[in-house]
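Please look through the sequence and the model below before reading on.

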Amino acid sequence: MQRGSKPGKIGAMVAALGAAIVRGEIASGTVLPAEPELAERYSVGRSVVREAVKILVAKGLLTVRPRHGTQVRAQHDWTLLDREVLGWMRSEDGLDRDLLLALEETREIIEPEAAALAAIRATPADLASIRAALAAMEADQDDPQAAIAADKRFHLAILDATNNPILRSFRGAIDTILSTMFDFTVDVFAGNLANHAAVVDAIADGDAERANQAMRRVLGYTRRHMLSNPALAGGTNPNKKTAPGETP
């Protein structure tokens, strides 16, 4: 581990240990080595180990029990909407299809209602931000990096336009989800622009129901093209019920 400030070392250890847990290199139920051994393994002081463990406990990846040590928790205990946890998942090879679909389902629960609220509550400044993001999406559609940046701004601007502090708190999670999804939909990005434009028109008209339905079309397009991507052909759970509109 590189030399650096204590906060930098803590962040580096959190990232290294967190990613190892998320990738399955350290299985759930595993009891981690004692503090001195972890300090030696990561080339840090014991105080850095303690702080890193505290952060991973807060993210739901670890639990600390007196006389039982520090143990890796099961995935269902992880804070999966934590930006760093999702980022570590995105960095691993072979993204899990079921996880990606679960993330998309989360968007389908949040974003249509956010668009409806934005239609009711958006200020002129909010609407200008949404329109500017759409214009950038249209201008940058042939530049994948610029396009995803504009697409993020579009969806985050709609969350902001709800003027709901709880919905705004989902910005980090939606940002990371969008980065993950874009890998599987970038080739068909341009085909969804008209649906995005329909969302803007509905918000501008103050039509909550139309905004909700337009956002559902945006997300439905994303889901269909994710499911048709060969990279997501595997990894399904045979016991999982098929969602409406999803091919088994």
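## The largest cavity

Helix H9 supplies four residues to the lining of the largest cavity, and this is the largest share. The structure shown is a predicted model, and the values in this report should be read with that in mind. Three helices, namely H7 (144-161), H9 (171-185) and H11 (208-227), each give at least two residues to the lining of the largest cavity. The space inside the largest cavity comes to about 130 Å³. The lining is made up of 14 residues, and those closest to the centre of the cavity are Asp-151, Thr-185, Asn-192, His-196 and Thr-222.

What classes of residue make up the lining of the largest cavity? Sorted by class, the lining holds seven nonpolar, five polar and two charged residues. As for how many such spaces there are, the structure holds one cavity of 30 Å³ or more.

## The chain as a whole

The protein chain contains eleven helices and two strands.

Among contacts between residues at least 6 apart in sequence, 70% join residues that are at least 24 apart.

When residues up to four places away in sequence are left out, Asn-195 touches Ala-214, Arg-217, Val-218 and Tyr-221. For Asp-201, a distance to another part of the chain can be given: Asp-201 and Arg-131 are 70 residues apart in sequence, while their C-alpha atoms are 9.3 Å apart in space.

## Positive phi angles in two loops

Most residues other than glycine have a negative phi. Ser-43 is not a glycine, yet it has a positive phi of about 55°. Ser-43 is found in the loop between helix H2 (35-41) and helix H3 (46-58), and with a relative accessible area of 45% it is partly exposed.

Arg-67, which is likewise a residue other than glycine, has a positive phi near 70°. Arg-67 lies in the loop between strand S1 (62-65) and strand S2 (69-72). Its relative accessibility is 84%, so Arg-67 counts as exposed, the cut-off for this class being over 50%.

## Salt bridges

How many salt bridges does a search of the whole structure find? The search finds 17. One of them joins Lys-59 to Glu-84, with the closest N and O atoms 2.8 Å apart. This pair links distant parts of the chain, since Lys-59 is in the loop between H3 and S1 and Glu-84 is in helix H4 (residues 83-91), 25 residues apart. Lys-59 counts as buried because its relative accessibility is 10%, whereas Glu-84, at 38%, counts as partly exposed.

Another salt bridge is formed by Glu-105 and Arg-223, whose closest N and O atoms are 3.8 Å apart. Here, too, distant parts of the chain are linked: Glu-105 is in helix H5 (residues 97-121) and Arg-223 is in helix H11, 118 residues apart. Glu-105 is partly exposed, with a relative accessible area of 26%, while Arg-223 has a relative accessibility of 7% and therefore counts as buried. A further salt bridge joins Asp-77 and Arg-73, with the closest N and O atoms 3.7 Å apart; Asp-77 is partly exposed at a relative accessible area of 29%, and Arg-73 is partly exposed, also with 29%. Finally, Glu-35, Arg-46 and Arg-50 are linked in a network of salt bridges.

Terms used:
Residues numbered from 1 in each chain as written. Predicted model: local features only at pLDDT ≥ 70, side-chain atom pairs only at ≥ 80, totals over all residues. Heavy atoms only, no water. Contact = heavy atoms within 4.5 Å. 1 Å grid on protein atoms, 1.4 Å probe; cavity = no way out; pocket = protein on both sides within 12 Å on 5 of 7 lines; lining within 4 Å. Points joined across faces, edges and corners; volume = space filled by probe spheres on them. Nonpolar A, V, L, I, M, F, W, Y, C, P; charged D, E, K, R; others polar. Buried < 20%, exposed > 50% of the residue type's maximum accessible area, 1.4 Å probe, protein only. Salt bridge = Lys/Arg side-chain N within 4 Å of Asp/Glu carboxyl O.
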